[in-house]
Amino acid sequence: MTLRSTLATGLAAAVLAGTAGAAEAQQRNRVDIRQAGQSHELSARQHGYQNRLSISQRGRHQFVQTIQDGLRNGAEVRQSGSANGAFVDQLGRFSEVLIRQQGYNNSASAVQTGTGNTVGVYQFGNNHSAVTTQTGNHNTLGVIQFGNGAHTAVQQTGDNRNTLVIQGSWVIK
């Protein structure tokens with residue numbers, strides 16, 4: 001074997017190895033978890049390609065369970081306070097869930113099936129609950145709750161639908 005053919009073979013092997021590494025990296029699912037405090041529970045399952053999960057919890061008794069199955073789904077859960085809970089279940093492609101909770105004893109659930117769906121749940125205050133379910137494609141669902149004791153349950157079925165729920169109590173002095 002000549003020096004030229006040895007170099008060509010080595011270069012080809014390096015290029016193939018780099019291509020395989022890049023292709024593998026594109027198929028990976030990503031998880032980022034940050035927790036502080038005590039008694040946190042977290043259960044995460046991702047199946048498919050390029051799914052993203054980001055969790056950040058602070059406080060005391062918090063719980064998150066996520067299931068993502070499909071292609072390029074993303075979920076972000078941020079909780080603060082005490083005894084909050086969140087559940088995310090996504091089956092499909094290109095869907096996103098964002099849950100943000102601040103306060104005490106808030107809970108949120110987001111279940112989606114389909115392609116290109118988005119759910120956003122923002123709860124600020126105490127003792128809120130939000131249960132959201134979407135089935136279909138290219139739907140958007142938003143829940144904003146503030147104050148104390150707001151409860152929402154939304155089920156959306158079909159394609160290209162949009163729902164926004166805003167509720168709460170506001171005290172002006």
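This is a predicted model: local features need pLDDT of at least 70, side-chain atom pairs count only at pLDDT 80 or more; totals for chains, interfaces and linings use all residues.

Q: What makes S11 and S13 paired strands?
A: Strands are DSSP runs of E with at least two residues, numbered from the N terminus. Two strands pair if DSSP finds at least two bridges between them. S11 and S13 are joined by 7 bridges and run parallel. Therefore they count as a pair. In S13, Gly168 is the bridge partner of Phe146.

Q: How do you know that S4 pairs with S2 and with S6?
A: Strand S2 (residues 41-49) and S4 share 9 bridges in the parallel sense. S4 and S6 also pair in the parallel sense, over 9 bridges. Glu41 has its bridge partner Phe63 in S4. Val64 has its partner Ala86 in S6.

Q: Why are S1 and S13 said to stand at the edges?
A: An open sheet of 7 strands runs in the order S1-S3-S5-S7-S9-S11-S13, with parallel pairing. Strand S1 (30-35) and strand S13 (162-168) each have a single partner strand, so one side of each is left without a neighbour in the sheet. Neighbouring strands of this sheet are turned by 0° against each other on average, direction ignored.

Q: What makes a set of residues the largest nonpolar core here?
A: A nonpolar core is a set of buried Ala, Val, Leu, Ile, Met, Phe, Trp, Tyr and Cys residues joined through side-chain atoms within 4.5 Å. Buried means under 20% relative accessible area, exposed over 50%, partly exposed in between (1.4 Å probe, protein chains only). The largest such core has 18 residues. Those with the most contacts inside it are Val77, Val88, Val97, Ile99, Val119, Val121 and Val143. Strands that each supply at least two residues of this core include S5, strand S7 (96-104) and strand S9 (118-126).

Q: What makes the meeting of Arg72 and Gln50 a polar contact?
A: A polar contact is a pair of N or O atoms within 3.5 Å; within protein, one must be able to donate a hydrogen and the other to accept it, and residues adjacent in sequence count only if both atoms are side-chain atoms. The side chains of Arg72 and Gln50 come to 2.4 Å, so the pair qualifies. Arg72 and Gln50 are 22 residues apart in sequence, but 4.8 Å apart in space, C-alpha to C-alpha.

Q: What makes the phi of Phe94 and of His138 worth noting?
A: Most residues other than glycine have a negative phi. Phe94 has a positive phi of about 55° although it is not a glycine. His138, also not a glycine, has a positive phi near 60°. Phe94 sits in the loop between S6 and S7. His138 lies in the loop between strand S10 (129-137) and S11.

Q: Why is the Glu96 and Arg52 pair called a salt bridge?
A: A salt bridge is a side-chain nitrogen of Lys or Arg within 4 Å of a carboxyl oxygen of Asp or Glu. The closest N and O atoms of Glu96 and Arg52 are 2.5 Å apart, so the pair meets the limit. Glu96 lies in strand S7 and Arg52 in strand S3, so the pair ties together parts that are 44 residues apart in sequence.

Q: How do you know that Asp32 and Arg34 form a salt bridge?
A: Their closest N and O atoms are 3.7 Å apart, so the pair is within the cut-off. Asp32 is partly exposed at 30% relative accessibility, whereas Arg34 is exposed at 52%.

Q: What links Glu76 with Arg100?
A: Their side chains meet in a salt bridge at 2.9 Å, N to O. Glu76 is in strand S5 and Arg100 in strand S7, 24 residues apart. Glu76, Arg78 and Arg100 are linked in a network of salt bridges. The structure holds 4 salt bridges.

Technical notes: Residues are numbered from 1 along each chain as its sequence is written. Side-chain values use heavy atoms; hydrogens and water are left out. Helices (H or I, at least four residues) and strands (E, at least two) are DSSP runs, numbered from the N terminus. Axes are lines fitted to C-alpha atoms, for helices over the stretch in contact, and angles run from 0 to 180 degrees between N-to-C directions.
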